[in-house]
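Please read the sequence and the model shown here together with the report that follows. The report takes up selected contacts, helices and surface features in turn.

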Amino acid sequence: MGLPASLAGQTIAVVSNRSFRPTAVLLPHVRYLITADSADGVLTIGELSVPPVAFGHTIRIEGVTPGARRPDAHPFADTVHFEADGRVQLLVADGAGRPPMRVEISGARGVAGGRISIVAPHWPLGRALLVTVAPADIHELGSNGTGFGVRDRIRVDDRAGFAYLNDSTAGSTTVAIGFGRGTQGRIQGDVADIVIRRDFGGSTGLQRTQLGALTMVVDPARDDDGTGRADIIFGVANNESEASRVAQAAADEPQSTPRASGLRWHTASSDADLLLKHLTAVAGWMLDWDLLGGQRTIPSSAWRPMLRAVDAWQGAPIALQRGDTAAVCGSYRLLRGAGTDPTRVGVALRLGPQGRSFARSDSTDPSADASLVLLGWACYLA
């Protein structure tokens with residue numbers, strides 16, 4: 001996460017700048033990156049995913065005034081807040097004299113979807129939100145394989161308020177992106193240029209290609225006190241109608257919170273206490289991100305959520321200290337049932353020509369055998 005730029009109350013506040021590194025966040029069914037445009041200090045959402053399906057390379061949110069000759073200058077750099085309860089909020093600067101917009105991404109425990117919630121205090125009449133997804137492209141998370149660099153078919157349904165993404169290499173997998181209840185706006189298709197690395201007959205080179213993009217012009221709902229609110233919802237399924245139902249179910253699910261932890265501690269530094277509170281709360285979300293093979297498991301990392309014996313054993317102590325025996329023993333059971341050589345595998349959800357699937361891959365880590373034995377011992381002790 002990097003060193004905090006400032007500490008205030010129960011929040012670690014980090015201002016976007018050139019030294020800010022992409023930070024991965026893993027929630028129930030949802031994973032994304034917080035990235036910064038170092039040119040002007042703008043935070044963006046990167047690689048928005050419902051693992052193993054990534055579909056939002058870069059998502060930028062900004063306020064616009066229709067008809068204005070030039071965009072408003074940002075009066076200050078964007079900021080990201082890491083809260084003590086594990087929540088992460090992006091504070092996106094708007095025009096001069098207005099407080100920042102608060103952007104928060106939520107996952108859903110019950111379905112493969114989530115929402116982007118935007119709250120804009122003192123939102124002026126006639127001002128709109130511009131949400132740009134460029135490119136909007138289905139591909140396998142953490143891989144340049146399935147779907148990467150292949151232009152998706154994008155269909156916009158104005159009546160339903162959804163855009164649907166389909167990739168010819170990803171089977172029937174469909175992503176629905178649209179407006180939550182009470183949010184109005186317009187979605188239009190666009191194009192985005194990206195540069196990808198290609199293998200040309202044994203030599204590697206760069207190739208510029210065009211992919212689809214989405215532009216969403218949003219009219220936020222306004223509270224009595226002038227606060228604007230808007231929800232962008234998304235879901236992944238095997239057809240358009242099911243994907244939109246998943247997205248709506250994710251929008252209706254109450255705000256997710258990390259599973260409660262019974263851990264209590266005190267250090268000589270209140271700043272260290274705050275950092276520990278955030279990290280242990282985040283651990284609760286990561287332990288709840290999804291079921292693999294019907295089991296709750298310990299993911300390797302937020303960068304590439306999968307199950308590996310080494311990472312599961314290393315993560316077992318914090319899971320047990322939180323009282324989460326199910327994730328420890330679930331990881332062990334899943335790895336033990338992984339085939340003829342159960343200790344040398346990684347278990348993950350994958351995206352391929354047949355859509356989403358549960359897959360096992362070989363591991364060359366020489367410590368995998370010992371890690372599985374120690375993971376089994378941790379489950380036995382629990």
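## Salt bridges

Aspartate 37 and arginine 60 form a salt bridge, with 3.8 Å between the closest N and O atoms, where a salt bridge is a side-chain nitrogen of Lys or Arg within 4 Å of a carboxyl oxygen of Asp or Glu. This pair links distant parts of the chain, since aspartate 37 lies in strand 4 (residues 30–37) and arginine 60 in strand 6 (residues 53–64), 23 residues apart. Helices (H or I, at least four residues) and strands (E, at least two) are DSSP runs, numbered from the N terminus. The model is a predicted one, in which local features need pLDDT of at least 70 and side-chain atom pairs count only at pLDDT 80 or more, while totals for chains, interfaces and linings use all residues. Residues are numbered from 1 along each chain as its sequence is written, and side-chain values use heavy atoms, with hydrogens and water left out.

Aspartate 37 has a relative accessibility of 28% and therefore counts as partly exposed, and arginine 60, with a relative accessible area of 25%, is partly exposed as well; buried means under 20% relative accessible area, exposed over 50%, and partly exposed in between (1.4 Å probe, protein chains only). The structure holds 16 salt bridges, and another of them joins the side chains of arginine 229 and aspartate 223 at 2.6 Å, N to O. Arginine 229 is partly exposed at 41% relative accessibility, and aspartate 223 is partly exposed at 31%.

A further salt bridge is formed by arginine 296 and aspartate 288, whose closest N and O atoms are 3.9 Å apart, and here both arginine 296 and aspartate 288 are buried. These two residues also belong to a network of salt bridges that links Arg109, Asp288, Arg296 and Asp324.

## The disulfide

A search of the whole structure finds one disulfide, a term that stands for a pair of cysteine sulfur atoms within 2.5 Å. The disulfide is formed by cysteine 329 and cysteine 379, with their sulfur atoms 2.0 Å apart. Because cysteine 329 lies in helix 4 (residues 325–336) and cysteine 379 in helix 5 (residues 368–381), the pair ties together parts that are 50 residues apart in sequence. The torsion about the S-S bond is about 110°, so the disulfide is right-handed. Cysteine 329 counts as buried at 8% relative accessibility, and cysteine 379 is buried with a relative accessible area of 17%.

Helix 3 (residues 309–321) has 13 residues and reaches 19 Å from its first C-alpha to its last, close to the 18 Å expected at 1.5 Å a residue, the expected span being 1.5 Å times one less than the number of residues. A kink of about 40° lies at glycine 315, shortly before proline 317, and the bend at a residue is the angle between axes fitted to the seven residues ending there and the seven starting there. Among the buried residues of helix 3 are Ala312, Gly315, Ala316 and Ala319.

Helix 4 has 12 residues and reaches 17 Å from its first C-alpha to its last, close to the 16 Å expected. The buried residues in helix 4 include Cys329, Leu334 and Leu335.
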